[in-house]
Amino acid sequence: MPIARSTVVGATSGVLLLAGAVGFGVGLPKVVDDPAAVPTLPTKLDDRFVALQAITPEQAGATSPDQAAQIKTFTDRAAKSEEETRKILAEQYDEAAVRAYIDVPAASSSSQSIPAQIAVTVVPGNAGLVNPSGPFVVDESGSHYTLEVIDGSHCAIAWNEPVDQTTGTPTGQKPTGADYRVQCRKEVDGLTYDLYTNGLTPDEVASYVDKVLELTGRA
């Protein structure tokens, strides 16, 4: 099923905002006097996650010149947003890399669910406290929030219990990626890698932290 322009923009505008906001008020590290070289982030993490500005008309399922042009307009806008965000972060941290990714196979399927998204930020300095919703654990019926360390990544994890779409009552089923909003952070070689995500389980997010480290030669 082709990704109509409205579908692409609707599915990704949120992560664009997240990518632009990661450096503001969520405890990224302070600037250091001798920052390590910030790497260039890849345009593709794997067969699933592709950078917004690198999505091709073919991947988006475009079937006409008009649809291809719409995809080109979207990717150009994504690239501009990334550059503007990088400049803002660089003013605060001397150097920065930022990139937003989307689950392209999910976005191009006929499913009505929102595809998973990842906003990656890399800045020099030691990893700071990760608690975007505060330090206090929430364990209430339907809503949960906690802080964990997963495979060396410090993570803030928020999730909702799956509910019956008709009655709105919890089903008791295990949460899936679609129920989670997760931020994980790891410091390696004087750089902080931060992944701000939705649609992925905590273990998946921690594994993508390590995937980004591997792809940028820091594993």
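Let me start on one side of helix α5, where Asp203 and Glu214 are exposed, exposed meaning over 50% relative accessible area, buried under 20% and partly exposed in between, with a 1.4 Å probe and protein chains only. Please keep in mind that this is a predicted model, in which local features need pLDDT of at least 70 and side-chain atom pairs count only at pLDDT 80 or more, while totals for chains, interfaces and linings use all residues. Residues are numbered from 1 along each chain as its sequence is written, and side-chain values use heavy atoms, with hydrogens and water left out.

On the other side of α5 from those two, the buried residues are Pro202, Val205, Ala206, Tyr208, Val209, Val212 and Leu213. They cover an arc of only 160° around the axis, taken from the directions from the helix axis to the C-beta atoms, which puts them on the same side of α5.

Helices here are DSSP runs of H or I with at least four residues, and strands are runs of E with at least two, numbered from the N terminus; by that rule the protein has 5 helices and 8 strands.

Now, what does a search of the whole structure find in the way of aromatic pairs? It finds 2 of them, where rings of Phe, Tyr and Trp (its six-membered ring) pair if their centres lie within 6.5 Å, and planes under 30 degrees apart count as stacked, over 60 as edge-to-face and the rest as tilted. Because Phe49 lies in strand β1 and Tyr208 in α5, the pair ties together parts 159 residues apart in sequence, and both Phe49 and Tyr208 are buried.
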